[in-house]
Amino acid sequence: MRLYTFWRSSAAYRVRIALHVKGLEFESVAKQLTAGEHRGEAYLALNPQGLVPALEDSGFVLAQSLAIIEYLEDTHPEPALLPAEPRDRALVRSLAQAIACDIHPLNNLRVLNYLKDPLGHDPEQVSGWVRHWIGTGFRSLETLARRHTGDGRHVFGASVTMADVCLVPQLYNARRFQCDLAPFPTLAAVGAALEALPAFQRARPEAQPDGG
Ligand SMILES: N[C@@H](CCC(=O)N[C@@H](CS)C(=O)NCC(=O)O)C(=O)O
């Protein structure tokens, strides 16, 4: 398998975690977002959305991190990133989507660039925007994690799920933009426990060949 990735992309970071949790070998193909490599003709032919990640598996190309993780779950079920029970599976998906669909898109590079140009906001206002939307999302996520964690080390239950795979990259983004994490002790504790796991260590931005 080949993963089109960027070291600091939190969506690609999710997929890297899932691949490592499942013990799958893959080749990383870095697309330097800051140099606009994701807008090149060759990459757009693969992924017309021009976003990372994309996964290539024997000629099959798939974009969207959650769809990729579900594909990996279907093709390599163990260790499972979704629980067995339908309601638990739905809850884990709901937690993952609260991050991937409602928090992350507002912090994406193209959104932040648009706030600067043409909208004319200065870098401090743009960082304030990021902190605002992460804080808003984390407030409800903190309540949900407190409700659903089984051991204080996972967002849901007592094993790694898709919700954890989404939380850790979002915490990385939060720290990058100096969000105050003090109001989110459950998320911070879960994140610290997960970040110590070998699969999460291997997936972290600084461990990537294109990492800064
Ligand atoms: N919903 C997509 C989001 C993908 C996405 O936004 N990727 C970002 C990096 S985290 C990107 O490629 N940004 C390029 C840009 O904004 O120009 C997913 O989960 O895969």
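Q: How are α4 and α7 oriented relative to each other, parallel or antiparallel?
A: α4 and α7 are roughly parallel, where that label covers angles under 35 degrees, over 145 is roughly antiparallel, 65 to 115 is roughly perpendicular and the rest is oblique. This is a predicted model, in which local features need pLDDT of at least 70 and side-chain atom pairs count only at pLDDT 80 or more, while totals for chains, interfaces and linings use all residues. Residues are numbered from 1 along each chain as its sequence is written.

Q: Which residues do those helices cover, and at what angle do they cross?
A: Helix α4 spans residues 86–100 and helix α7 spans residues 162–176; their axes come within 8 Å and cross at roughly 20°. Helices (H or I, at least four residues) and strands (E, at least two) are DSSP runs, numbered from the N terminus. Axes are lines fitted to C-alpha atoms, for helices over the stretch in contact, and angles run from 0 to 180 degrees between N-to-C directions.

Q: Which residues meet there?
A: From α4 there are Val92, Arg93, Leu95, Ala96, Ile99 and Ala100, and they meet Met162, Ala163, Cys166, Leu167 and Gln170 of α7. Contact here asks for C-beta atoms, placed from the backbone, within 7 Å.

Q: New topic: what domains does the chain have?
A: The domain assignment gives domain 1 (2–79) and domain 2 (86–199). Such bounds come from an automatic or database domain assignment. Taken over C-alpha atoms, the domain centres are 20 Å apart.

Q: How many residues are in contact between the domains?
A: Twelve residues of domain 1 are in contact with 14 of domain 2. On the domain 1 side, α1 and α3 are the elements giving two or more residues, and α1 gives the most, with eight.

Q: And where does the ligand lie?
A: The ligand lies between the two domains, because both domain 1 and domain 2 give residues to the shell around it. The shell has 15 residues, and the closest are Ser9, Leu51, Ser65, Leu109 and Arg110. A residue is near a molecule or strand if its C-beta atom, placed from the backbone, lies within 6 Å of it.

Q: Which elements give two or more residues to that shell?
A: Those are α1 (10–21), α3 (65–75) and α5 (109–116).

Conventions
Two residues are in contact if their C-beta atoms, placed from the backbone, lie within 7 Å.
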